[in-house]
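Please look through the structure shown here before reading on, and keep it at hand while the text leads from one region to the next.

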Amino acid sequence: MSKKPLIIDVHGHYTTAPAALGAWRDLQIASLKDPSQKPDPRSLRISDDELRESIETNQLKLMKERGSDLTVFSPRASFMAHHIGDFETSSTWAAICNELCYRVSQLFPDHFIGAAMLPQSPGVDPATCVAELERCVKDYGFVGLNLNPDPSGGHWTSPPLTDRHWYPIYEKMVEYDIPAMIHVSTSCNSCFHTTGAHYLNADTTAFMQCLQGDLFKDFPELKFLIPHGGGAVPYHWGRFRGLAQEMKKPLLQDHLLNNIFFDTCVYHQPGIDLLTKVIPVDNILFASEMIGAVRGIDPETGHYYDDTKRYVAATPNLSEEQRYKVFEGNARRVFPRLDAALKAKGL
Ligand SMILES: [Zn+2]
């Protein structure tokens, strides 16, 4: 490839939102005990200058330093906390968080494009999330969504992702041609550390649920992005192949890989080398989840753990053409609305 790829990071969260957002959420949570204290969403005022500053000194600064161009940007995952309150709590909170990501995408249209947080709530029909999703796609130009397979926050009280329970969301995803990143939120089960265990458990669990079921027979166009390098999946690919074989499922390539994709949020070179060796290149999308779970510098390399572009660039397992797919081509294919937005800009 002679042309330098556009570097598209498909996994970014607004982890650096101004403190007023967290303060408003604290009031909302406190009001669950005393509804008379319920804060008005309009009482949250964050100026464009504050948004600009929070991005320019954080995500955008690192994107420029590391050489990435565009980030698919969604509300902070651990803040979704769908287990708190009821549907109305989640609905108000999701609307606020999505609007902030939309405003960021308007302030920096060349660098950020939105993905929606859903107003999920444990025990509530996911169909209730469709209105917010529609708003995010139609009014905000969002190109994806984050779907929490466990809105209970570590207790796994919802049916598996293959259950008809989730179909109203899938029908909307297919209608809009948008993928879902399967992304849990904060763990409220002390057995599971949020980002060290619950996230990776959920990635692995989502894949296994899909393996056991036949969801993609009902939805051949449905696309799931499993983050954090797919949890334990690539490392244990032989186990999953063997389980599929015993369950008389088709080969994973046919059973799941037309619909399931993995990101590169794996924070060391050997992990990316394994991912790119085991998983077909068409199923790997560049992502960093920067300023997220792991924010430090690796003393072994002197670079930030989450500077994943460096690992993708260095792995011996990818040709230049394959690297183009990971950095740009696959993202355009998995996120058709992102592709269309880029094309509209002549990119
Ligand atoms: Zn994330």
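This is a predicted model: local features need pLDDT of at least 70, side-chain atom pairs count only at pLDDT 80 or more; totals for chains, interfaces and linings use all residues.

Residues are numbered from 1 along each chain as its sequence is written, and side-chain values use heavy atoms, with hydrogens and water left out.

Eight strands form an open sheet in the order β1-β2-β3-β4-β5-β6-β7-β8, with parallel pairing, and its edge strands are β1 and β8, each of which pairs on one side only. Helices (H or I, at least four residues) and strands (E, at least two) are DSSP runs numbered from the N terminus, and two strands pair if DSSP finds at least two bridges between them. Between β2 and strand β3 (residues 112–117), the parallel pairing runs over three bridges, and V72 has I113 in β3 as its bridge partner.

The zinc ion comes next. Its protein donors are H11 (NE2), H13 (NE2), H183 (NE2) and E289 (OE), which lie 2.0 Å from it; donors here are N, O and S atoms within 2.8 Å of the metal (3.2 Å for Na, K and Ca), and because water is not among the atoms, sites may look incomplete. The angles among the four donor atoms are 98 to 120°, and the site of the zinc ion is tetrahedral, a label given to four donors if all angles lie between 85 and 135 degrees. For comparison, the ideal angle at a metal with four tetrahedral donors is 109.5 degrees. Along the sequence, the donor residues are spaced H-x1-H-x169-H-x105-E.

The empty spaces can be followed in a similar way. Rolling a probe the size of a water molecule over the atoms shows where empty space is left. On a 1 Å grid over the protein atoms alone, a cavity is a set of points where a 1.4 Å probe fits but cannot get out, a pocket is an open set with protein on both sides within 12 Å along at least five of seven lines, and lining residues have an atom within 4 Å of a point. Grid points are joined across faces, edges and corners, and a volume is the space filled by probe spheres set on the points.

A search of the whole structure finds five cavities of 30 Å³ or more, and the largest cavity has a volume of about 70 Å³. Its lining consists of 15 residues, of which V10, V72, A115, N146 and M181 lie nearest its centre. At least two lining residues come from each of β1 (8–14), β2 (70–75), β4 (144–147) and β5 (180–182). The second largest cavity has a volume of about 60 Å³, and among the residues that line it are Q120, D125, H165 and W166.

Of the open spaces, the largest pocket holds about 450 Å³. It is lined by 21 residues, of which L200, H228, C265, V266 and Y267 lie nearest its centre, and α8 (194–212) and α12 (269–278) each supply at least two residues of that lining. The second largest pocket holds about 270 Å³, and of its 18 lining residues the closest to its centre are L70, P109, F112, I113 and K345.

Two backbone angles close the account. Most residues other than glycine have a negative phi. H228 has a positive phi near 55° although it is a residue other than glycine; H228 is found in the loop between β6 (224–226) and α10 (237–246), and H228 is buried, with a relative accessible area of 9%. A81, which is not a glycine either, has a positive phi of about 40°. A81 lies in the loop between α4 (77–80) and α5, and A81 counts as buried at 5% relative accessibility.

Technical notes
Four donors count as tetrahedral if all angles lie between 85 and 135 degrees; four count as square planar and six as octahedral if opposite donors are over 155 degrees apart and all others between 65 and 115; anything else is irregular. Buried means under 20% relative accessible area, exposed over 50%, partly exposed in between (1.4 Å probe, protein chains only).
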